[in-house]
Amino acid sequence: MSQNKDKLVDAKIQAKWFSRIRAAHQTETTEDYVELIADLLETQQEARLSDLAERFGVSHPTVSKILARLKEEGYIESQPYRSIFLTRKGKSLAQKCKKRHQIVLDFLIKIGVDPETAEFDAEGIEHHVS
């Protein structure tokens, strides 16, 4: 769509782009949760539902529903009234996400984005990088 405004990208190509974006959106929540759980475990030695709700700015029932899905998918282990722990699968995903986040953050800072803005932007961009 560069020079001729009247031309559109081939429909199949554009459909692939949007399909990829939809797939990225589906994994964002999982990635955000396992990454934050890993950070909480590293810094506080525990990750609790209330910590997640506070940090994501969502309700306890919302977090509970997501945690149930993460448990079903094999990313976390938890017991009533106990901390939340990452499984091997969850730890692996968290490490991958943290690495990708750091690469995007470093890149943004290197091209001149101020660190605070870069941190904010990296949080969204990291989910859409191949």
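Predicted model: local features only at pLDDT ≥ 70, side-chain atom pairs only at ≥ 80, totals over all residues.
Student: How many residues apart in sequence are the parts that the pair ties together?

Tutor: Tyr-33 belongs to helix H1, residues 11–44, and Phe-56 to helix H2, residues 49–56. The pair therefore ties together parts whose separation in sequence is 23 residues.

Student: Is Tyr-33 buried or exposed?

Tutor: Buried means under 20% relative accessible area. The relative accessible area of Tyr-33 is 3%, so Tyr-33 is buried. For Tyr-33 the answer is buried.

Student: Which residue lies over the face of Tyr-75?

Tutor: The residue over this face lies at 4.5 Å from the ring centre. It is Lys-89.

Student: How do H2 and H3 lie to each other, roughly parallel or roughly perpendicular?

Tutor: Helix H3 covers residues 60–72, and the axes of H2 and H3 are 9 Å apart. The two pack at an angle of about 115°, and angles of 65 to 115 degrees count as roughly perpendicular. H2 and H3 are therefore roughly perpendicular.

Student: Which residues of H3 make the contact with H2?

Tutor: H2 passes H3 in a right-handed crossing. On the side of H2, the contact is made by Leu-49, Ser-50, Leu-52 and Ala-53. On the side of H3, the residues are His-60, Val-63, Ser-64 and Leu-67.

Student: At what angle do H1 and H4 pack?

Tutor: The axes of H1 and H4 are 8 Å apart. Residues that meet here include Glu-31 and Val-34 in H1, and Leu-93 and Arg-100 in H4. The two helices are roughly perpendicular, and their angle is about 95°.

Student: Which residues does Arg-100 touch, not counting residues up to four places away in sequence?

Tutor: Arg-100 sits in helix H4, residues 88–110. With a relative accessible area of 13%, Arg-100 is buried. The residues touched by Arg-100 are Glu-31, Glu-126, His-127 and Val-129.

Student: Where is Gln-45, and what is its phi?

Tutor: Gln-45 is placed in the loop between H1 and H2. Gln-45 counts as exposed, at 59% relative accessibility. Although Gln-45 is not a glycine, its phi is positive, at about 65°.

Student: What separates the C-alpha atoms of Ile-125 and Leu-105?

Tutor: Ile-125 is in helix H5, residues 115–125, and counts as partly exposed at 36% relative accessibility. Leaving aside neighbours within four places in sequence, Ile-125 is in contact with Val-104 and Leu-108. Ile-125 and Leu-105 are 20 residues apart along the chain, and their C-alpha atoms are separated by 9.3 Å.

Student: Which residues does Pro-115 touch, not counting residues up to four places away in sequence?

Tutor: Pro-115 is also part of helix H5, and with a relative accessible area of 54% Pro-115 is exposed. From Ser-78, 37 residues apart in sequence, Pro-115 is 35 Å apart, C-alpha to C-alpha. The residues touched by Pro-115 are Leu-105 and Ile-109.

Technical notes
Residues numbered from 1 in each chain as written. Heavy atoms only, no water. Helix = DSSP H or I, 4+ residues; strand = E, 2+ residues; numbered from the N terminus. Buried < 20%, exposed > 50% of the residue type's maximum accessible area, 1.4 Å probe, protein only. Lys NZ or Arg CZ within 6 Å of the ring centre and 35° of its normal. Contact = heavy atoms within 4.5 Å. Axes fitted to C-alpha atoms, helices over the stretch in contact; angles between N-to-C directions. Parallel < 35°, antiparallel > 145°, perpendicular 65-115°, else oblique. Left-handed = near helix turned anticlockwise from the far one by under 90°.
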